[in-house]
Every structure is written in structure tokens, then in C-alpha cells.
Amino acid sequence: MQTLNVLIFVCTAYALFLFFVAFVAERAAMRGRGKWLRSSVVYTLSLSIYCTAWTFYGAVGYAARSGFEYVTIYLGPTLVMIGWWWLLRKLVRVGRTQRITSIADLVSSRFGKSNLLAVGVTILAVVGTTPYIALQLQSVTLSFEAFADSLNQQGEAANVSESTALWVAMGLALFTVLFGTRNLDANERHHGVVMAIAVEAVVKLMALLAVGIFVVWGLSGGVGDTLARIDASEIGKWQVDGGRWATLTFLSAAAFLCLPRMFQVMVVENSDEQHLRTASWAFPGYLLLMSLFVVPIAVMGLERLPASSNPDLFVLTLPLSEGQNALAIFSFIGGFSSATSMVIVAALALSTMVSNHIVMPLWLRANVGRASFSGDVRHVVLVARRVSIAGVVFLGYLYYRMSGGGTALAAIGLIAFAGMAQVLPVLMGGLFWRGATRVGALAGLTVGFGLWGYTLFLPSFGEGAFMPRTVLENGLLGFAWLRPQALFGIEGIDPLIHAVFWSLLLNAITFVTVSLASFPSPLERLQGAQFVNALQQTGSARSWSAGTAQTEDLMVMAQRILGASEALQFFRREAARQAGGNARPGKLPDPTPDFLQRLERELSGSVGAATAHAMVAQIVGGASVSVRELLAVADETAQMIEYSDRLKAQSLELSRTAEQLRAANEKLTSLSVQKDAFLSQISHELRTPMTSIRAFSEILRDTADVSREEKQKYSSIIHDESVRLTRLLDDLLDLSVLENGQVNLNLRDGTLREALDKAASAAATGDESPAITILRDPEQESITLHTDFDRLGQVFINLIANARKYCDAEQPELTVLVEHNDLGVQVDFIDNGSGIPSDAQDLIFEKFARVSPQRAGGAGLGLSICRQIMERLGGSIGFLPDTRGAHFRVTLPMVAPEHLAESKPLVTN
Amino acid sequence: MNGSPRKMFVERQTYRKRRMQDAARFLPVIGLVLFLLPLFWPRGPEDGIAMSVAIEYIFAVWIALVAGALVLSFLIKEEPALEDGGAPEPPRGRND
């Protein structure tokens with residue numbers, strides 16, 4: 001009774017001592033005097049949470065059952081630590097540069113900050129760790145009962161042990177909440193916790209060494225005698241199965257890297273990469289010492305204790321049976337230390353993962369767009385952490401109550417190892433292979449996790465618990481090759497080796513295959529390069545585009561997550577950095593990409609990379625939130641560029657139209673000017689003959705003595721002028737008729753030559769113009785046409801007369817070229833004069849247009865009439881500006897269309 | 001002519017440093033091989049190797065590995081000036 005009370009007292013005192021150590025360490029760290037807290041010795045000792053109660057008690061039991069096999073659990077980590085230059089160096093570097101908070105965060109960060117992956121790894125970790133926590137609680141309870149047993153106080157012990165696990169669980173949860181969530185350190189480092197663990201590491205090593213020394217030199221007669229006893233014992237021969245030896249070594253190495261608690265102390269709590277250098281030899285040394293006396297203790301226990309006693313508790317029961325109560329209590333404390341340190345760190349690591357990857361994303365989703373304005377994020381994170389810690393520890397307790405204890409301790413440990421080892425392919429692939437993709441990681445993890453559950457985890461509960469006996473014996477759905485412990489029909493393998501082999505093999509194959517087949521997102525590729533090349537460069541993850549972020553808002557948010565003073569310090573430092581060391585006090589840093597990136601890293605230390613990114617993104621705004629969104633923006637930009645191109649084309653077209661309109665307007669204006677000019681011209685034209693007619697008719701009327709010659713002369717002047725007037729009016733009338741489409745065409749057959757002959761002779765009759773040589777090719781002209789030859793002749797006469805009138809060459813020549821094909825005839829009139837000025841070319845076909853008024857003979861209606869006639873005849877007349885002289889081209893069909901003659905008025909300008 | 005004594009010295013130092021890094025990489029490999037050597041041992045309750053021999057062998061290898069790692073950890077104590085790629089490593093201190 002007394003011993004039991006002493007035990008409870010010592011236990012409580014030890015717990016209080018741990019609280020005190022953690023408290024002192026926290027205070028020292030807060031005052032900046034914590035350098036010694038972060039020495040490589042403390043780092044090495046903190047790694048010792050690898051050695052849990054399973055190691056402390058279980059290794060001896062393991063040795064008593066299966067001989068030397070237990071040592072593989074230490075050999076794996078030894079090789080990993082000694083090979084730090086290969087792997088751990090890179091892992092720690094990545095963890096530090098990327099501000100990784102947990103193994104789930106690492107995997108998520110590597111694969112494009114995928115929260116889905118983080119959630120997957122978190123679930124895996126919770127499933128794998130919960131039995132382990134239960135195991136620790138069980139070991140404390142068992143050791144307590146062992147004490148009671150040896151003192152024959154079963155009744156007492158039964159009462160106590162009912163509540164032992166619960167008390168221990170509550171105490172551990174309290175400790176973890178107190179020191180694990182005191183503040184949200186940007187580096188996620190917990191000085192108090194680490195210091196307490198280091199102390200516990202010393203305690204458990206000392207306890208085990210004390211028992212070992214007692215056994216070797218107290219009970220046995222020194223080293224030689226002990227070795228002789230070992231050889232004589234039932235485990236005195238080498239009986240280790242080769243497959244298990246290799247598999248367990250590998251498995252323990254994998255677990256050493258992947259267990260959440262190991263990752264926490266090794267990577268997250270690491271404050272200086274140089275500590276690895278010391279730990280590379282010191283931690284293997286620690287493991288060596290931890291395992292040194294395991295076999296002697298086991299052999300001595302087998303020799304001295306009754307066969308019914310639990311070999312898992314030899315470390316405790318051996319001193320008890322020898323009456324060494326003080327040593328037994330020390331040993332108990334050692335086991336207690338192992339259990340508590342494991343639970344504390346595991347709960348801390350798991351709570352970080354659960355709160356960062358499950359609780360916070362959910363909370364953020366529920367509070368979209370209010371990261372900096374609603375509630376206290378820092379408070380939320382802390383509460384989430386605390387609840388997670390309590391939840392994880394409670395889950396372990398629940399598992400312990402449900403399972404009822406009793407299973408061999410080592411079995412659960414190895415199952416948990418195998419579960420967490422499923423992360424190994426993804427972790428290795430992520431660190432060394434840039435081609436690893438998110439989808440591949442997801443697929444690999446799913447396959448590995450599923451197989452582990454199917455072949456190892458579920459069967460471990462015993463037949464019929466979660467897995468019906470029929471499934472175990474006949475396979476899933478009756479498929480024999482799906483038997484959980486003989487996949488693909490390969491029987492007779494040790495279940496653990498079987499499960500590890502198949503789950504990791506298929507996990508890795510799936511991971512690699514899917515990675516090869518899939519294409520990573522840009523962010524994944526960026527992160528992949530960062531991780532794989534971590535040792536070559538210390539570059540930054542990905543840059544924020546500068547701009548819209550509001551520093552004040554960021555400050556508010558950072559304060560809530562980092563804490564007011566820490567955030568202020570960070571912002572002050574950043575301002576100083578930006579200003580080159582002479583910043584005004586109170587000045588906030590500009591939201592440069594550089595600054596945003598550092599802020600994001602700082603935040604990711606508290607809430608995880610994905611959450612931090614999302615939070616900064618909410619404040620910075622949509623312009624540069626994620627590469628995916630950036631790509632969306634780029635798409636939009638591309639669309640906008642396309643749209644603007646279209647706009648540009650449209651505007652070009654518009655400006656072309658405007659140009660045309662302007663030209664048309666100019667033409668109209670000039671036409672109007674032309675018309676005005678002609679109106680005055682026509683007035684003049686009409687007035688001149690009218691004036692002379694009036695004047696001479698007045699002379700004839702009023703003068704009495706007009707001679708006959710004079711009378712003759714005057715009346716012929718009047719007549720000539722009247723003819724001229726009539727001709728002018730005829731022209732006008734002709735044009736008007738043609739324009740209104742009221743002309744009647746006199747269509748008949750004839751040859752082109754006739755028309756040209758008539759025209760040439762008619763045009764030659766004028767007297768005042770100089771003669772012109774007409775060059776023709778009669779062969780070409782003998783074409784029979786069906787058209788109105790009077791009208792066509794009118795056109796030809798006009799063209800020839802014009803050439804006579806306007807050709808300014810010394811020897812005026814007019815060349816008439818005729819070409820024809822099936823469709824029509826083309827007659828060119830080319831003179832050798834100086835042609836028509838380019839500014840007049842547009843106007844020559846207009847009414848009343850005259851190229852050179854000073855030489856005008858007619859009213860300027862000729863070409864206009866010609867055009868109207870040609871249109872009536874189904875052809876056209878045009879001016880070709882290509883040659884030196886004036887070049888008119890008349891085209892007309894072989895047969896003039898009948899209908900055109902009677903058509904409605906053609907609209908002309 | 002090419003390479004003053006000083007430069008020679010630096011190169012030699014770098015060379016040694018790299019070889020020590022090689023040794024650090026090599027150590028776990030040899031450790032693995034030595035730890036897997038027991039796979040060849042005869043086993044069984046009758047003709048298995050004596051447990052004491054096994055213990056002595058494993059712990060001897062273990063101690064040798066720890067000692068090797070200890071020596072190497074001092075030999076590559078200086079910051080590796082050059083990485084494998086030959087690119088100078090940026091300063092490791094974090095300034096944020």
C-alpha cells in the first residue's frame with residue numbers, strides 16, 4: 001500500500017517537475033536567453049521520442065519472444081541518421097525554407113499546396129497514431145497494475161487502474177495544451193515541450209541503463225557471465241527470419257522519417273541545420289545505449305520470473321521481484337516518461353495537422369472574404385489546436401477502452417509503423433523526383449492506405465471484429481486471390497512482411513505510373529522544382545505580384561495569427577529592410593511581392609502553407625491569388641486581347657468607311673460647286689445667244705433702213721444662235737430622257753465597222769477643230785452586233801470629237817483598238833495628247849463637267865450622255881488613267897439586252 | 001604558372017571536403033550491408049549462431065558506425081563551400 005502511494009506521489013511529483021521544466025524553458029526563450037535550449041544536445045535528445053513505452057517495455061518483451069529481432073527497430077533509424085547527408089539534410093532544409101508545419105503540410109506543399117493531399121495524410125496519421133497513443137496509456141496502466149500485483153493489492157489496483165489511463169490522458173492533454181499552444185510561434189517551435197522531452201529522454205535512458213546495470217552486474221556476474229547465460233537461454237540461438245529482419249529494418253527507417261511525431265521534432269522543431277551534424281552520430285549512440293541491455297534483461301526475466309508473467313513488463317517486474325523497490329520506481333518513471341513524451345508530441349503534431357488542414361480550411365470556407373475582419377483568427381487557430389489535442393488524446397483513450405488492452409504491445413507499434421510508412425514513396429518522390437504529381441501522390445497514397453487497412457490494420461483486430469472470417473479465409477467477395485493475408489494467392493508469408501511488401505510496392509508503382517501519365521499544374525511544377533533543388537538554391541516559393549494588397553489589412557490579419565507584438569516586429573523589420581535600415585518609426589512596409597512572400601511564409605508557420613496562401617490571397621485580391629487563378633486571368637487577358645483586336649479591326653473598317661464617306665462628301669461638294677458653276681455657265685450659254693438674238697431682232701424691228709445684206713446677215717445670226725440654243729436644249733432633253741429611262745432603243749443588226757465609219761466621218765465635219773489622224777484596224781472591227789447603232793454612233797462621235805477638241809499634240813492621233821470575245825466587245829480610244837489631269841478624272845462623266853472651260857465648245861454634257869447611253873445598251877464607258885494620253889474604253893455586249901431599254905430610271909449621280 | 005600555391009591549397013581543400021561528403025554518403029551504405037550480413041547466418045534452435053556472437057557482431061558494427069559518423073561530422077564541419085553542382089551556396093542564415 002505504502003509503495004503504491006509512494007508511486008503515485010513520485011509520479012505526480014515527476015509530472016509537476018516536467019511542467020516546471022517546460023515553464024522555465026518557455027520563460028527563458030521568451031526573454032531571449034534560450035540559446036542553450038536550442039543546442040544540438042537538446043535536439044538529439046528530443047529525437048528520442050522515437051523510443052516510446054513500446055521501446056522501453058516492449059523491446060524486452062519482444063526480445064523474450066523472438067530473440068534478437070527487436071534490434072531492427074533501432075537499426076533502421078540508425079542508418080537514416082548516419083545517412084543524413086543523403087536525405088535528412090534535404091528534408092530539414094526544405095522544412096525550414098518552406099516553413100513546413102507537419103508531414104501533411106510537407107506533402108501538401110510539395111504537390112501544389114493541395115489541401116486534399118494534406119487531409120489524406122492527416123487522416124492516415126490520425127488512424128495510425130491513435131492506437132499508438134492507446135498503447136502508451138495501456139503501458140502506464142499495465143505497469144501500475146504490475147506494481148499492485150507484486151504487492152498483492154489487486155483490489156486496490158483494480159480501482160486505481162480503472163482511472164489511471166483517464167488521469168494520465170487528462171494530464172497529458174493539459175500539458176500539451178499548456179505548452180504546445182501557448183502561442184502561435186511563426187516557426188511552430190515549442191521550447192517548453194522540447195525541453196521537457198529532452199529531460200524525459202535522459203530519464204528513460206538512465207532508468208533503462210540502471211536496470212540493465214543491475215541485471216548484468218547485480219544479478220549476473222558481469223559481462224562474461226551474462227553472455228554465457230544468454231547463450232544458455234531459450235533465445236540463445238540465432239533464429240531471426242531473414243525476411244522479417246530486412247523488412248523490419250526498412251520499416252523502422254521509413255517510420256522514423258514519416259511518423260508525425262518524428263517529423264515534428266526532427267524537422268519542425270529544428271532550429272539549426274547544424275544540429276543534424278551532431279545528431280547524426282549522437283542519436284545512433286543513444287539508440288545503441290537504449291538497446292544494449294535489452295537481451296540481458298529479457299534473458300534474466302525468462303530465467304528468474306514465473307513463466308506466466310508478462311515479458312513486456314520484465315523491466316519493471318524484475319527489480320520488483322528482487323526487492324529493489326527504488327529501482328523499480330525509477331524504472332516505472334522511465335516508462336512513464338517514454339509514454340508521456342510520445343503522447344505529448346504526437347498530440348501536438350496531430351493537432352497541428354488537424355487544425356491546419358481540416359479545421360482552418362473549413363472555418364475559412366465558412367467565413368469567405370472575412371479573413372481579416374471577422375473574429376480573431378489567432379483565437380480560432382488556438383482553439384482549434386486545443387480542441388484537436390484534446391480530441392486526439394481522447395481518441396487514444398477511447399481506443400484503449402474499446403480494445404480493452406491485452407494485445408502484445410509490439411504488434412500495434414509495427415502496424416502503426418507500416419501505416420505511416422505509406423507516406424514514404426510520396427515523400428521520397430516529392431523530394432527527389434520533379435515529375436511526381438499531385439494526382440500520382442493521391443493515387444499512390446490511396447492504394448497504399450487501402451491495402452494497409454485491408455491486409456494489416458483490419459485483420460489486426462482479430463477475426464470477426466471488423467473483418468468477417470469468410471473474408472479472411474476465402475477472400476473478398478469469394479475471390480481467393482483477394483485474401484487479406486495471401487494476396488494474389490501467395491501464401492505462407494509473414495502477415496506483416498506480406499502487408500508491407502504489397503502495400504508499399506503497389507503504392508509506389510501507382511504513384512510513379514500515375515505521375516508519369518498525368519500532367520502537373522504550374523504551381524506543382526514550381527513547388528517541385530523548389531523541393532527537389534532545395535540544396536542548390538534558397539530561392540522563394542513563388543512570387544506575389546505586387547499591387548493591390550493593403551498593408552494595413554495584412555497587418556490586422558497577421559496580428560491575429562502571429563500575435564500583436566510578433567506581427568508588429570515583423571512589419572517593422574520589413575519596413576526597415578525596405579527602407580534600407582533607416583525607416584521612419586511607424587512606417588508600414590510596401591506590399592512588394594518579396595514582402596508578401598515572406599509574410600505568407602511567416603503565416604504558414606502558424607496555419608499551414610495552403611491556409612496562409614488563401615488568407616493572403618483574400619486580402620491581396622484576385623489579381624495574383626494562385627497560379628490557377630493567374631492562369632484564369634491570363635485566359636481572360638487573352639480573350640480581351642482578341643476582343644480588342646476585333647475592335648481594332650472594326651475601328652479600322654469604320655475609319656475606312658469614314659474615309660470613303662469623306663471622299664464621297666468631297667465629291668458631292670465638288671459636284672455641287674460644279675453644278676453651281678454650270679448653272680451660271682448655262683445661264684451664260686443661254687443668255688449669250690439670247691442676247692444676240694434679241695439685239696439683232698430689235699435692230700431688224702426698229703431700224704427702218706436695213707439693207708438687204710444686213711437683213712440677211714442679221715437673220716442668219718439669229719438663226720444660228722437659235723440652232724445653238726436648240727442644240728443645247730436638245731442635249732439637256734436627251735440626257736433627261738436617258739436618265740429617266742424613257743428612251744426607246746432602235747435595236748438592229750449591224751457591224752461595228754459601220755458605226756465607226758459613220759462616226760469618223762460625222763466627227764470630221766466640224767471645221768473649227770484641227771484635223772486628227774484616226775488609226776484603225778478594219779479587220780478587227782468587222783463584228784456583227786445587235787444594238788442601237790444610232791446611239792452607239794452618238795457615243796463614238798462624241799469620243800472622236802472630244803479627241804479632236806482636246807488632243808494637244810502637234811500631230812494629233814487617235815488610235816481605235818477593238819477586242820472581242822464571246823461576251824462582248826471592247827473598243828479603246830487612245831489619243832497621243834497630254835491626257836486628263838488626275839483631279840478632273842473623277843468628274844469628266846458628270847453632267848456639265850468640262851475639263852478646260854476655255855476650250856469648251858459644248859455644254860459639257862457629252863460624256864455624261866455617253867455614259868447613260870452605254871448603260872442603256874448594257875455596256876459601259878470608262879476612263880483608263882494608265883496611258884499618257886486620254887484613254888477611253890467602251891465595252892458593250894454582242895447583243896444589247898431588251899429589257900434594259902424599258903427599265904425603270906437608273907439612279908446616277 | 002597557372003595556379004599559385006594558394007589556389008592549389010584551396011582546390012585541395014575543396015577536394016578533401018568533397019571526399020568527406022562522399023564518405024558521409026558511403027557510411028550508411030556500408031552500414032546497411034553489414035547489418036544485413038546476418039541474413040547469411042545459419043539459424044534455428046540447434047545450429048543457429050550463438051546469441052552472444054550475434055550481439056557482439058551487431059553492437060561492434062553499431063559502435064563502429066557511430067564512431068565513423070562522429071569523425072565525419074567533425075571533418076565536414078565547415079560549411080560546404082561548394083555544392084555538388086559546383087554553384088556557390090547562398091548564405092544560409094535567415095534574415096527574416
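Two strands count as paired if DSSP finds at least two bridges between them, and helices (H or I, at least four residues) and strands (E, at least two) are DSSP runs numbered from the N terminus. The views below come from a predicted model, in which local features need pLDDT of at least 70, side-chain atom pairs count only at pLDDT 80 or more, and totals for chains, interfaces and linings use all residues. Residues are numbered from 1 along each chain as its sequence is written, chains are lettered from A and ligands numbered from 1 in the order in which they are written, and side-chain values use heavy atoms, leaving out hydrogens and water.

**View 1. Where β2(A) meets β4(A).** Here β2(A) pairs with strand β4 (residues 813–820) of chain A in the parallel sense, over three bridges. Look for A:L775, whose bridge partner in β4(A) is A:T815.

**View 2. The open sheet of chain A.** Five strands with mixed pairing follow the order β2-β4-β5-β7-β6. At the edges sit β2 (773–775) and β6 (876–879), each pairing on one side only.

**View 3. The interface of chain B and chain A.** Contact (heavy atoms within 4.5 Å) joins 45 residues of chain B to 49 residues of chain A. The chains bury about 4,400 Å² between them, 65% of it on carbon and sulfur atoms; buried area is the accessible area (1.4 Å probe) that two parts lose on being put together, summed over both. On the side of chain B that touches chain A, α1 (5–36) and α2 (51–75) of chain B each supply at least two residues, and α2(B) gives the largest share, 14 residues.
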